Amino acid sequence: MDHETQTPLPSAQSQSAELRPRVFDSISRLLPRVLGREIPAMSADMKLMSELGMRSASMLELLLEIEDDLDIQIEVEDIDDAAMTSVGDLADFVASHAITDG
Amino acid sequence: MTAIEAVASYLPEQRVSVEDVAGRLALTSMQTRLFRRFLGLAEIRLDPDGTLLDLLSAAVSRLDRLRGREHLVRYVLYARAMPVVAPYPVNTLHDLCRAFGLGHAVSFTVTHHACATGLLAVDVAGRLLAADADPDALALVVAGEKAFTRDAQYVPGTSIFGEGAAACLVSADGPRDRVLAYASSIRGEFDGRLDALPEMASRFEKEYPLSLAEAISAALSQVGVSLEEISLILPHNVNALSWQRLCRRIGFPPDRVLLANVQVTGHAFCADTFINYTTAAECGLLRSGRKYLLAAAGLGATFSAMVVEH
């Protein structure tokens, strides 16, 4: 699989840890645009589907927005329900499945 | 035991990119990009000047095993996803039968399983032939629809429909492509417009992979076949990502799901699984004695799986 060769294992964890706060910030800024409404008091625990009413299509649109915003590519083949539960879960998933040019 | 004697398929020559389709549907840039970037769709096939009869005829005319055996065809079944495909009094199925010397056959449409209706039609054909006094009797199953309205072209964030057709010759028994099992479950609580009923749409998204996995499991259980024994899944071409996610859920290698056509055909209604059959046959992916699985889901909602031994 491509992602096995594209993800350098020794630095993967540090890259993920460095990227995670930027991803969370990006989600916080982009979610209102994708949902078309303001979100007061955004938190990492906020549930994407049950609280914010997101669906898989809007989730994929959000991932595209994050890719553009952070200039990364996200490997989505591994995405599952757990990755789409809360804002924090999605930030974790993106940070650990991002391919950066650098 | 029901056997699929032969399968033929047809795809129109005109290739239309998902970006062009999205432009006609007035989708946003993000709605458009996610098809190619995440869902694995790149282009569809269309024949804007061709009729529905042209589409179905192109598949039937490629079914060489039908030639000279038309008199043996007792039943012609048209599997389709859309409830209405032609204005009254046009009857494309009857026109098709007349054109191919099948006017004597009992012909009817099988529907209401949406994009899973193709598998239902094979099952119904097998049951009719099993009850027929003539062991040599045949049934012809055809599938293929024109993507002629917005609803027939696009499921938001999920799929884009293209045109394609298939024709299958079914017999009551045979040495190859024997249908070992068929399972189907109808979830009528998901009947309705997903874009107008967001709460139902959310529940459907959650239930979709579970229900499709259950249909696959039910079909396998009917004949005591394990998932490991399935050499290939021939899917409906809704998109690549949903199949990759389903594979993770059921523990099946995604590279054993024939997804190559998703990016070049889009979702051709009920014809997908049969079009994928012809691709698998052309690529030498079907081996004698090996088992494979046809699987499809339809809006409304139906989840179906069929175990076949080549």
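Being predicted, the model has rules: local features need pLDDT of at least 70, side-chain atom pairs count only at pLDDT 80 or more, and totals for chains, interfaces and linings use all residues. Residues are numbered from 1 along each chain as its sequence is written, while chains are lettered from A and ligands numbered from 1 in the order in which they are written.

Let's start with chain A. Chain A has four helices and two strands, and along the sequence they come in the order α-α-α-β-α-β. Helices here are DSSP runs of H or I with at least four residues, strands are runs of E with at least two, and both are numbered from the N terminus.

How much of chain A is buried? Of its 102 residues, 31% are. By buried I mean that 20 or more other C-beta atoms lie within 10 Å of the residue's own; 12 or fewer makes it exposed, anything in between partly exposed, and C-beta atoms are placed from the backbone. Helix α4 of chain A, residues 87-96, is mostly covered, with seven of its ten residues buried. Those are A:Val87, A:Leu90, A:Ala91, A:Phe93, A:Val94, A:Ala95 and A:Ser96.

Now contacts, where two residues count if their C-beta atoms, placed from the backbone, lie within 7 Å. Taking the contacts in chain A between residues at least 6 apart in sequence, 69% join residues at least 24 apart.

Where the two chains meet, chain A supplies 13 residues and chain B 17. The chain A side has six nonpolar, two polar and five charged residues. For those classes, Ala, Val, Leu, Ile, Met, Phe, Trp, Tyr, Cys and Pro are nonpolar, Asp, Glu, Lys and Arg are charged, and the others, Gly among them, are polar.

Over to chain B, and a pair of helices. Helix α1 (residues 18-25) and helix α2 (residues 29-37) of chain B pack at about 155°, with axes 10 Å apart. The axes are lines fitted to C-alpha atoms over the stretch in contact, and angles run from 0 to 180 degrees between N-to-C directions. α1(B) and α2(B) are therefore roughly antiparallel, a label for angles over 145 degrees. On the α1(B) side the contact is made by B:Val18, B:Glu19 and B:Ala22, and on the α2(B) side by B:Gln31, B:Thr32, B:Phe35 and B:Arg36. By class, that contact has three nonpolar, two polar and two charged residues.

B:Ala8 sits in strand β1 of chain B, residues 3-10. Why does B:Ala8 count as buried? Because 23 other C-beta atoms lie within 10 Å. Leaving out neighbours within four places in sequence, B:Ala8 contacts B:Ala59, B:Arg62, B:Leu63, B:Ala166, B:Ala167 and B:Thr278.

B:Gly118 is buried, with 33 other C-beta atoms within 10 Å. Setting aside residues up to four places away in sequence, B:Gly118 touches several residues, including B:Ala79, B:Ala143, B:Cys270 and B:Phe274. B:Ala130 counts as partly exposed because it has 13 C-beta neighbours inside 10 Å.

Note on methods: Angles under 35 degrees count as roughly parallel, over 145 as roughly antiparallel, 65 to 115 as roughly perpendicular and the rest as oblique.
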